[in-house]
Amino acid sequence: MQSVTLKAGGGYEAVIGAGVIDQAPRVLGRRARIAVVTQALVAGHHGDTLRRSLGGTDATVEFFEIPEGEEAKSLHCVEDLCGRWARGGLSRRDAVVGLGGGVVGDVAGFAAAVYHRGVDVLHIPTTLLAQVDSSIGGKTGVNLREGKNLVGAFHQPVGVLADIDTLATLPTSDFRSGLGEVAKYAFLGGSDAQEVATILDCEHDAVLSRDPQLLERLVSACVAIKAAVVDADEREATGDRAVLNYGHTLGHALEADAGYTLRHGEAVATGLVFAAELAHAMGRIDAIGVERHRRLVASLGLPTEVPEGAEASALIAHMRRDKKAAGGLTFVLDGPAGPELVSDPPHEAMARALVAVGVRAGGSGVRRLIPWRRSSCCPGRTSTSSVRVSPRSTATPTSMLSSTSPARLHPSTATTSSTCSPITKVRWSTQSRARVDGVRPWSSTRAR
Ligand SMILES: NC(=O)c1ccc[n+]([C@@H]2O[C@H](COP(=O)([O-])OP(=O)(O)OC[C@H]3O[C@@H](n4cnc5c(N)ncnc54)[C@H](O)[C@@H]3O)[C@@H](O)[C@H]2O)c1
Ligand SMILES: [Zn+2]
């Protein structure tokens, strides 16, 4: 078992390990009532474990099931929950527990944030994505027809119990999608990122077979990275939290373009490869850096190319709506000083990077992106502006990378030499999720 302490909110602990659901009574303390928000599927697998654990307390425990998917992230669902809590007498001194993935966490967290102007919430994340990302940092929210995550609140939990045992029942596609988010952390720099990179590079078979001890190490390292970023910028005031959006600009665009039928982590995985290609086209990282991204993503069974038929013009329109972009195009890109915000990359670099991840070059798409022939993406000759967002602010972004001295030699670099087997093309998951037509892309400020 491992734990990571956050300063955010009143300060809380994220506990990671097999069987840590049992710690719910300790974290919650004495309560008269506990409202558990979950989904039927999750409750079927893990509800009894939580019931048994809370059975040792004096509290009256009641389970509240919400529907599956983005449709559940609605004000209607929050109103329904709050109404049922009020009828059941849930008071401000009682507690809410979110048992489930990111959808449950967002709904339970937001309902807890607004019920009686704020009641304590404990997150028990049961998807890999929720354990490494959404349960940490206090962001909660629901969708409007006008956009995803448009209504929300910062509401830090009283604790997070990331029980590795729950990941055993997660469908393969959801587990793999979570690995897309995990892969992001491998590129963020620092010792915990190095730990993530080492585990993914050297032990990815054990990761894919969900070895509990390895997952505990992996989730803990990701949580430590997210916790450090959240503590530095709890309410997204300084922009430091933007580094967590590495790979997300194209990722979000792919999701929106497909009506949210894609899995988030798969879209982010392709977004990571795109970000590496773009950074390379701008002379910010070398070819080895790109290869490292491609190999890591592919080794986890995640796609390195966009879904068939993705059009440049549509993706760019979506990316312009990204919350970081303010009308232009803004990406988190790797470089000599680590990941940083880069605005309005040269058109030719954009075109090269889009083609490199399989966006169609024909028609009005990529070609329109190249209004001039002369290269504007050589090292040192870009007119691009950049803002540091990495916590590793001591590095100087002066010289561009040479192929022999990449800025950050993670252990993963060792396994990305040319002796490795060729990268095999990975298919996207079957798009089994319902299309969410009412929910448009992040035209405003609450995208994640
Ligand atoms: N608040 C944040 O900071 C933040 C960050 C990232 C993502 N999110 C949000 O998270 C959501 C996505 O979360 P997700 O990927 O966890 O999806 P999800 O919550 O929809 O869960 C995926 C599926 O797995 C099932 N499931 C969950 N745990 C299971 C288990 N242990 N065993 C078997 N089935 C299980 C769920 O019922 C669901 O069908 C999005 O709405 C996104 O906006 C929020
Ligand atoms: Zn994400």
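Colleague: How many bridges join strand β10 to β11, and do the two run parallel or antiparallel?

Modeller: General idea: strands pair if DSSP finds at least two bridges between them. Here β10 (residues 330–333) and β11 share 4 bridges and run antiparallel. Within that pairing, Leu 333 sits opposite Glu 340 of β11. One caution: this is a predicted model, where local features need pLDDT of at least 70 and side-chain atom pairs count only at pLDDT 80 or more, while totals for chains, interfaces and linings use all residues. On labels, residues are numbered from 1 along each chain as its sequence is written, and chains are lettered from A and ligands numbered from 1 in the order in which they are written.

Colleague: Which residue takes a positive phi in the hairpin of β10 and β11?

Modeller: Gly 338, with phi near 90°, and 6 residues lie between the strands of that hairpin. For the element names, helices (H or I, at least four residues) and strands (E, at least two) are DSSP runs, numbered from the N terminus.

Colleague: Which residues of β11 make up the covered face?

Modeller: Think in terms of burial: a residue is buried if 20 or more other C-beta atoms, placed from the backbone, lie within 10 Å of its own, exposed if 12 or fewer, and partly exposed in between. In β11 (residues 340–343), Glu 340 and Val 342 form the covered face, while Leu 341 and Ser 343 form the uncovered one. Zooming out, 54% of the 448 residues in the protein chain are buried.

Colleague: What is the order of the strands in the open sheet of 7?

Modeller: The order reads β1-β2-β9-β6-β5-β3-β4, and the pairing is mixed. β1 (2–6) and β4 (60–65) are the edge strands with a single partner each, so one side of each has no neighbour in the sheet. From one strand to the next, the twist averages 15°.

Colleague: In what sense do β1 and β2 pair, antiparallel or parallel?

Modeller: Antiparallel, over 5 bridges, with β2 spanning residues 12–17. Val 4 has Ala 14 of β2 as its bridge partner. The hairpin of β1 and β2 has 5 residues between the strands, and its Gly 9 takes a positive phi near 65°. On the β9 side, β2 runs parallel to β9, joined by 4 bridges, and there Ala 14 has Val 160 as its bridge partner. β2 is also mostly covered, with 5 of its 6 residues buried.

Colleague: Which strands does helix α4 lie across?

Modeller: Two residues are in contact if their C-beta atoms, placed from the backbone, lie within 7 Å. Axes are lines fitted to C-alpha atoms, for helices over the stretch in contact, and angles run from 0 to 180 degrees between N-to-C directions. α4 (residues 102–114) lies across β3 (33–38), β5 (95–100) and β6 (120–125), at about 170° to β5. α9 packs on the sheet too, touching β1, β2 and β9 (159–163), and its direction makes about 5° with that of β1.

Colleague: At what angle do helix α7 and helix α9 pack?

Modeller: You describe two packed helices by the angle between their axes and the distance between the axes. α7 (residues 191–202) and α9 (residues 212–232) pack at about 150°, with axes 8 Å apart. That makes the pair roughly antiparallel (over 145 degrees; under 35 is roughly parallel, 65 to 115 roughly perpendicular and the rest oblique). Among the contact residues are Val 196 and Ile 199 of α7 and Leu 218 and Ala 221 of α9. The contact of α7 with α9 divides into 9 nonpolar, no polar and 3 charged residues, counting Ala, Val, Leu, Ile, Met, Phe, Trp, Tyr, Cys and Pro as nonpolar, Asp, Glu, Lys and Arg as charged, and the others, Gly among them, as polar.

Colleague: And how far apart are the axes of α11 and α14?

Modeller: 8 Å, with an angle of about 145° between α11 (residues 264–281) and α14 (residues 347–356). In that contact, Phe 274, Glu 277, Leu 278 and Ala 281 of α11 meet Ala 349, Met 350, Arg 352, Ala 353 and Ala 356 of α14.
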